[in-house]
Amino acid sequence: MSSVSAVLYVEDDPGSRRIMQLVLKGRMQVPHTYLFDDSDNFMERVLALEPRPEVIFLDIHVRPFNGFEMLAMVRQYPRFANVPVIALTASVMNEEIQQLRTAGFDGCLAKPIDVDEFPHYLARILMGETLWHVV
Amino acid sequence: MRLPSFLSNLNLAPKLNLLLLLVLGITFVGVGWLTTGTLRQIIITGGQQRAGLELEVFANQLSHAEEDLLADARVMVRTNGLGEQLADLNFTAVRTALLPQIASLELTTAELVHADGSSELIFDSGGLNVALGEEENLTALLASGIETTTIVDGNGTLLLVATAPIKDQNGALTGGLLISQAIDAAYLEELSFQREDIHFAVMQDNRFVVQDSSGAEKDEFDFAIDPELITQALGGESVTPSDLENSGVDADFYALGPMEIGNQVVGVLVAKVEAEELLTVEQIFTSAILFGFGVAALLALLAAIFFMRRVVTRPIEQLKATTQIVASGNYHERATIRSNDEIGQLGQDFNKMANAVEQQITEVQTARDQAQRSDRVKSAFLANMSHELRTPLNSVINFTKFVSAGDLGPVNQQQEEMLNEVVKSGRHLLSLINDVLDMSKIEAGALTLFVEENVNLRAALEQAISTSRALVADKPVALEIQIDPDLPPIRGDRQRLLQVFLNVLSNACKFTERGAIQIQAQQTAKEVLISVRDSGPGIAPEDQPLVFEPFRQTSRGLRQGSGTGLGMPISKNLIEAHGGTFRLESEVGKGTTFYLSIPIRSEILTPLRLTPEFAL
């Protein structure tokens with residue numbers, strides 16, 4: 001369907017992880033779908049990924065490092081400089097949206113995600129669009 | 001009584017000092033007036049007494065002069081042989097006998113008179129050329145053989161005359177001697193001991209006939225005297241007029257008395273005292289008293305100012321300062337005034353008030369802190385709730401979708417339909433959660449807008465319209481769209497505006513069974529106006545206010561099911577948060593129109609500024 005071949009998703013909720021798996025692997029057939037269930041040794045694990053992810057989805061409320069901290073770590077590596085990092089969040093307080101923008105995320109999707117629209121969002125993200133689809 | 005504004009705007013101490021000044025001023029004027037009056041009275045009395053005394057002196061002097069002249073005449077007549085020589089009309093012999101004596105006295109004239117009436121002037125120092133002997137009354141006196149004195153007008157000069165009869169050895173009258181002393185200006189000057197400020201004058205027939213030389217020089221007797229006083233004086237009384245002749249510096253004092261010569265009143269003596277000196281004394285005295293009073297008043301005023309400052313101004317300023325400290329937010333400050341007067345009591349009352357205020361403030365601050373804590377707790381709760389409620393819904397909705405779509409294996413139609421129902425319910429639950437969370441945020445005042453500068457209303461409307469089409473897909477309802485192609489980009493929260501449009505449109509679609517829904521959007525100078533008109537059943541007037549109230553649905557809406565009763569109130573809040581307005585017009589049976597206005601550049605919205613606040 002789409003031309004992306006490697007996607008990383010960090011999420012501690014098993015249900016959400018499974019859904020993303022169904023979408024990415026099941027429907028979109030993305031060859032390399034990486035799913036982390038926590039952020040232990042986050043950067044080490046990311047660097048070890050081969051091929052490296054073309055887009056990274058981060059759930060904000062993950063431990064030990066939250067979404068903001070993970071973003072900061074990723075951005076220290078020039079090889080990930082152009083990789084879109086999208087926040088996924090179930091809480092939609094506008095103050096958090098502002099923080100996400102300020103922190104440098106390339107977009108934000110609200111949970112529950114719309115699995116039918118998700119492929120289109122992904123395409124737009126890969127084309128460089130910053131997507132702030134909240135609600 | 002209202003004071004003029006410039007007076008009432010003075011501070012308290014100056015006011016009181018001004019009052020004191022007023023009192024002192026009045027007292028000063030009173031004292032001055034009394035002093036001058038009293039002094040004047042004293043001086044007048046003194047002056048009058050002085051004039052009276054001088055008159056006595058004058059009269060006495062004149063009396064002595066009279067006696068002396070008579071004595072001289074008597075002495076001269078006692079020279080032996082005068083009687084016989086005169087009988088022989090031997091004036092020469094008599095003259096020879098008398099001249100030495102005459103010369104030693106300062107007589108004016110001396111005349112011999114013979115019993116037969118002839119006379120000879122034997123001495124005339126003043127060149128008067130009188131013939132006293134021919135005066136009728138004088139000859140009569142001589143004939144009577146009595147020594148006498150009298151006043152005679154000798155060719156314009158007043159003469160004091162003494163007559164002494166001359167007798168021979170047998171005692172027969174042979175003639176007489178008349179000697180005279182001129183009472184002229186120089187004589188009077190001498191009588192007044194040549195004093196500069198005392199003047200004597202003689203009046204006859206109501207006019208001044210002679211005055212002392214210094215008086216004449218200064219025109220001292222250039223005034224009119226009350227005729228009644230003159231009459232009194234002629235009657236033998238000494239009189240001193242009670243008012244001053246003139247007022248002011250030229251005022252003088254004078255006294256009148258009878259001029260008695262030879263036991264007869266022959267004129268009026270006038271003695272005048274120049275008052276200038278006395279008045280100068282009066283002035284000095286008055287000035288001294290007033291000066292002394294002035295100094296005392298000044299000292300009193302200074303003392304009052306000092307006292308006022310300590311007792312009134314300073315405590316009040318202290319209280320004022322304390323008031324300002326408390327007013328500026330330091331509610332713990334208290335006044336320290338130690339006196340027990342009104343100011344002290346004011347200070348105490350102020351402290352009581354400050355206590356009450358401090359207590360109130362503390363209570364209010366506590367309440368506010370509690371409210372803030374409560375708000376924080378609420379916000380945290382909402383954030384948490386949002387997360388907790390949505391996460392499971394993610395699983396519910398999306399897992400069901402996957403199964404229903406056949407991703408996990410084939411499903412039959414019934415299964416698919418049922419699963420779709422689950423998804424639908426899940427979505428409904430999600431929208432309920434969203435609405436409830438939104439309403440909680442609104443009521444907690446925690447709803448914040450994600451403001452951007454270039455929101456494309458047209459695109460948002462079109463997105464909402466395309467989503468709503470599904471709701472009327474199976475109904476004979478047409479969507480008529482009239483959106484101005486030149487709608488300007490506006491300042492606002494795109495997501496929230498989309499939310500509003502979706503809400504309004506889905507409402508219209510839900511309640512319209514047939515007909516058309518007209519969507520219009522146009523711009524004015526400052527706003528964008530949007531209207532959505534449906535041909536649904538309309539809303540009764542009594543139901544119209546319910547539309548915007550949370551959790552209230554019209555009876556029809558309840559019957560129609562689905563819907564939280566929150567959509568409209570939330571939409572109204574969102575539009576108003578943008579500075580716009582949201583209202584409806586409806587008629588039962590004719591449909592409903594919703595009108596929205598959104599400012600293009602609302603001033604109540606602050607666009608978000610992207611600042612790197614979050615530490616990376």
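Two strands are taken as paired if DSSP finds at least two bridges between them. Strands (E, at least two residues) and helices (H or I, at least four residues) are DSSP runs, numbered from the N terminus. The model is predicted, so that local features need pLDDT of at least 70, side-chain atom pairs count only at pLDDT 80 or more, and totals for chains, interfaces and linings use all residues. Residues are numbered from 1 along each chain as its sequence is written, chains are lettered from A in the order in which they are written, and side-chain values use heavy atoms, without hydrogens and water.

**View 1. An open sheet of 5 strands in chain B.** The strand order is S11-S13-S14-S16-S15, with mixed pairing. Strands S11 (477–483) and S15 (581–587) of chain B each have a single partner strand, so one side of each lacks a neighbour in the sheet. S11(B) runs parallel to S13 (residues 515–523) of chain B, joined by 7 bridges. Within this pair of strands, Ala478(B) has Ala516(B) in S13(B) as its bridge partner.

View 2. Beyond its neighbours within four places in sequence, Ser531(B) is in contact (heavy atoms within 4.5 Å) with residues including Gln518(B), Ile519(B), Thr593(B) and Phe594(B).

**View 3. Buried cysteines in chains A and B.** Cys108(A) is buried at 0% relative accessibility, and Cys509(B) is buried with a relative accessible area of 0%. Over all chains, the count of disulfides (cysteine sulfur atoms within 2.5 Å) is 0.

Conventions: Buried < 20%, exposed > 50% of the residue type's maximum accessible area, 1.4 Å probe, protein only.
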